[in-house]
Every structure is written in C-alpha cells, then in structure tokens.
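Colleague: I would like to learn how to read a model like this one. Could we take it feature by feature?

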Amino acid sequence: MEHVAQLADWMMNEGRRSNDPVIIVSHFCTSLIEAGVPLWRVNIGQRFANPLLIAWGVVWTPQGTDSYDVTHARMLTDGYVGSSFEYILENRRPLHKSLRGLDPKTDHISYLEFAELGGTDYYATLLYYGDGSLHGCTFVTQSKDGFSARHLEMIEAALPALSSAMEPITMRKSSRSLLRTYLGNGPSEAVYNGTIKRGERTSLEAVVMFSDLRGFTALTETADEEDVFDALDGYFDLIVQAVEDNGGDVLKFMGDGTLSVFTIAAPGDRAHQCRQSVCAAQDVLTGLAVLVKRRIEQGKPPLDIGIGINVGHVSYGNIGSPSRLDFTVLGGAVNVASRIEGLTKTLGHRVLTTTAVAEAAPELFSTCGAHVIRGVNGSVELFRLVE
C-alpha cells in the first residue's frame with residue numbers, strides 16, 4: 001500500500017491546493033495504475049446543490065481527462081435510470097459487475113457500450129463528504145482478468161484521499177453555481193469575491209435593459225396555472241439566452257419583467273456594449289416569433305414584449321436589511337430604462353432606446369421624437385428599433 005500512502009499525501013496537500021479537478025483525477029488514476037490497478041476508464045461524479053444542474057464530474061481515460069455537467073432532465077433518461085450511479089446512490093453500497101456475457105435486454109446500455117469497447121470488468125463505489133452528501137465514481141478495466149480483490153481494496157483505500165481533494169472544489173463549484181443561477185455571471189463573481197456587506201456598492205457605467213411581458217395580467221386571469229408558468233418559462237428562456245449570448249447579465253426577474261445589465265469596463269467599450277444590448281433585443285424578438293408560432297399551433301394565446309434600453313452611470317451592489325440582502329443596480333440610468341420600457345405600450349413599438357444607445361447602431365433605429373419621462377427634467381428623444 002506504499003503507492004496509496006504516497007497518493008494520499010499528494011491528494012491532501014498538492015491536490016487539495018491545486019483547485020483543479022482534472023489534475024487531481026489524472027494524478028489519482030495514474031498513481032493507481034503505477035500501484036498495479038489496471039484502469040482503463042474512470043468517472044468521478046460530483047453532485048450539485050443547484051436547481052439547473054444536478055451533477056458534474058471528470059472522466060479519465062489513457063487518451064485524456066475531461067469534465068462534464070449533468071442537468072436535472074438527464075436524470076430522467078435511460079442514461080441514468082438503471083445505471084450504476086443510480087444503484088450505488090440509492091442502495092448506498094458499491095457495485096462490482098463483470099462486463100462479460102451481458103444481456104442486451106436487461107443490462108444497462110452503459111455496460112453494453114463499455115463491453116463493446118473492450119471493457120471486461122466494472123466497479124462503482126461512493127465518495128462520502130463532510131456535509132453528509134454522497135458522490136459516485138466508476139472504474140472500468142480492459143484486463144482479461146478483471147479487477148482482483150486486491151485492486152478493489154486499493155481503490156477503496158485511496159478514496160478518502162480523493163474526497164479530501166475533491167470536496168472543497170465541489171463545495172466551491174456548488175456555491176458559485178448557485179450564485180450564478182440567481183444573480184448572473186458578473187454579479188455572482190462580485191458576491192463570491194467578497195462584495196457582500198449591506199450598502200457596499202460600486203459606481204460604474206452600464207447599459208441597462210428592462211423587458212416586460214405584455215398582457216400578462218390578462219393571461220393569468222384567463223389561462224390555467226400550467227400555461228402561465230409555461231409562458232413565463234418560454235419568455236425567460238428567450239431573455240436569458242439572448243442577454244448572456246451577447247455578454248450581459250440578467251440581474252433579476254420581477255414578476256413578468258426582467259432587469260439586465262451590460263457593464264462597461266472602460267470608456268472605449270461603451271459603443272460596443274450598447275450594440276451588444278441591441279443585438280440581445282433583436283435576438284429576443286427573433287426567438288419570440290418562434291415561440292409565438294409554436295403557441296398558436298398549440299391553441300395558446302400569443303405573447304408580446306416591451307423592451308427599454310438606456311446607458312449611464314449606475315450603483316451596483318447590496319441593499320436590504322442586516323438579515324436579507326438583494327444585489328441590484330440603482331440610479332438615474334436604471335429609472336429611465338424602466339420608464340421607456342413602459343412607453344413601449346403607448347407608443348406601439350416593442351423596443352425603445354435613448355439617443356446614446358441608438359447612436360451606437362444608427363442604421364437600426366428611427367426616431368420617435370421627444371417625450372416627457374417621469375423623474376427626468378425636460379423631454380428625452382427616444383428611438384425605436386426598426387424590426
């Protein structure tokens with residue numbers, strides 16, 4: 001067990017400090033091979049506490065090491081149902097299975113695939129973490145003799161060391177993933193890196209985009225609950241995809257509305273970020289057309305949207321009480337974006353912007369004239385996106 005002892009020392013020191021799961025798993029596998037364990041494929045699965053992703057992991061083969069993510073939807077497919085991961089997590093015990101003489105009618109597809117590629121023996125077992133969570137790992141060999149009892153003993157002896165290196169990475173990834181899910185990429189990084197005190201804020205320049213689902217109140221009064229949530233999910237999918245694809249962050253959902261920001265890191269980025277916000281609005285309208293067509297084909301009422309975009313200085317940070325905080329943006333630029341989104345209903349145009357945004361892509365806009373905006377002295381010229 002000398003190799004296992006050396007592996008444990010590396011895992012609890014260099015591995016744990018590396019913060020790199022690919023390096024950790026690669027070293028783990030090569031060390032076991034040097035100790036005599038005939039590994040061909042290893043999958044180290046890690047469970048997430050996340051409403052969008054349920055797991056992530058690292059797969060090692062002699063050709064390389066790669067990481068992957070698993071969505072909740074994947075857990076409902078044949079890829080998981082009936083698999084070794086389902087077995088060990090539900091039964092809380094390892095699984096040792098020969099890959100010879102499999103029955104295509106009863107054996108899980110993963111066993112059949114590994115056997116077809118030359119796998120001869122399979123072992124699945126658990127990793128135990130300090131918070132009580134269980135995680136799975138699988139080992140496949142192409143050795144004609146399969147895994148011996150000695151091989152499995154060495155694997156099990158090495159797992160606590162692997163856990164010591166992987167657990168802090170999994171906890172950090174879970175925390176960051178949760179923050180990213182609820183706050184978006186930019187804000188989640190700020191909070192994770194320490195912007196957490198009440199009243200702590202940063203003043204910067206950003207493009208602010210408000211969107212609102214038109215006719216939502218009427219929809220809630222006439223449609224059933226399932227259709228209301230289906231409409232919201234479809235609409236939010238459009239917004240998030242369009243904003244993130246164009247470099248922005250959806251900062252919050254507000255009923256049937258969204259607040260998104262495209263931060264401007266340097267003065268030279270202003271025009272670019274304005275164009276990116278406009279591209280996001282165009283992508284939303286393109287996706288909305290597809291969504292509306294599908295809804296009509298399903299006999300559901302169509303959806304429409306209003307979008308207001310403005311650029312200016314904002315305050316970016318935490319507000320709230322000592323026990324409950326909200327990460328948001330505040331400022332005059334935010335208020336104007338919200339107000340002009342409201343004007344999309346009365347002016348009859350789905351996307352309205354201020355002059356500063358329209359100037360970044362003048363070929364895409366047409367003036368709507370000057371309008372009085374509540375809270376702003378004088379009138380403000382607005383521009384509509386030419387669809």
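Modeller: Start with burial: a residue counts as buried when its relative accessible area is under 20%, and as exposed when it is over 50%. This is a predicted model, and buried residues make up 47% of the 387 residues in the protein chain.

Colleague: How many helices and strands are in the protein chain?

Modeller: The protein chain has 11 helices and 14 strands. Of its contacts with a separation of 6 or more, 62% are between residues 24 or more positions apart.

Colleague: What radius of gyration does the protein chain have, and what would a compact globule of 387 residues have?

Modeller: A compact globule of that length would come out near 21 Å, but the protein chain has 27 Å. Its C-alpha atoms fill a box of roughly 85 × 50 × 40 Å along the principal axes.

Colleague: Now the helix pairs. At what angle do helix 1 and helix 2 pack?

Modeller: An angle over 145 degrees counts as roughly antiparallel. Helix 1 and helix 2 pack at about 170 degrees, with their axes 10 Å apart. That makes helix 1 roughly antiparallel to helix 2. Helix 1 contributes H3, L7, W10, M11, G15 and S18 to the contact, and helix 2 contributes I23, I24, H27, F28, S31, L32 and E34.

Colleague: How many residues of that contact are nonpolar, polar and charged?

Modeller: The contact of helix 1 with helix 2 has seven nonpolar, five polar and one charged residues. As for spacing, an α-helix has 3.6 residues a turn, so residues three or four places apart point the same way.

Colleague: Is I23 buried, partly exposed or exposed?

Modeller: I23, in helix 2 (residues 21-34), is partly exposed, with a relative accessible area of 41%. The C-alpha atoms of I23 and D145 are separated by 29 Å, and the two residues lie 122 residues apart along the chain.

Colleague: What about helix 8 and helix 9: at what angle do their axes cross?

Modeller: The axes of helix 8 (residues 225-245) and helix 9 (residues 270-297) cross at roughly 150 degrees and come within 8 Å. Helix 8 and helix 9 are therefore roughly antiparallel to each other, and the crossing is right-handed. Among the residues making the contact are A231, L238 and I239 of helix 8, and V284, L288 and L291 of helix 9. By class, the contact of helix 8 with helix 9 has 10 nonpolar, two polar and four charged residues.

Colleague: Which residues of helix 3 are buried, and what do they pack against?

Modeller: In helix 3, the buried residues are S84, F85, E86, I88 and L89. They pack against strand 1 (41-47), strand 4, helix 4 (109-116), strand 5 (121-128) and strand 6 (134-141).

Colleague: Which residue with a positive phi follows helix 3?

Modeller: Helix 3 is followed by R92. R92 has a positive phi of about 55 degrees although it is not a glycine. R92 sits in the loop between helix 3 (84-91) and strand 4 (95-98), and is exposed, with a relative accessible area of 56%.

Colleague: And N19: what is its phi, and where does it lie?

Modeller: N19 is not a glycine, yet its phi is positive, about 55 degrees. N19 lies in the loop between helix 1 (2-18) and helix 2. With a relative accessible area of 42%, N19 is partly exposed.

Notes
Residues are numbered from 1 along each chain as its sequence is written. This is a predicted model: local features need pLDDT of at least 70, side-chain atom pairs count only at pLDDT 80 or more; totals for chains, interfaces and linings use all residues. Side-chain values use heavy atoms; hydrogens and water are left out. Helices (H or I, at least four residues) and strands (E, at least two) are DSSP runs, numbered from the N terminus. Buried means under 20% relative accessible area, exposed over 50%, partly exposed in between (1.4 Å probe, protein chains only). Axes are lines fitted to C-alpha atoms, for helices over the stretch in contact, and angles run from 0 to 180 degrees between N-to-C directions. Angles under 35 degrees count as roughly parallel, over 145 as roughly antiparallel, 65 to 115 as roughly perpendicular and the rest as oblique. A crossing is left-handed if the near helix is turned anticlockwise from the far one by less than a right angle, and right-handed if clockwise. Contact means heavy atoms within 4.5 Å. Ala, Val, Leu, Ile, Met, Phe, Trp, Tyr, Cys and Pro count as nonpolar, Asp, Glu, Lys and Arg as charged, and the others, Gly among them, as polar. The radius of gyration is taken over C-alpha atoms; the globule rule is 2.2 Å times the number of residues to the power 0.38.
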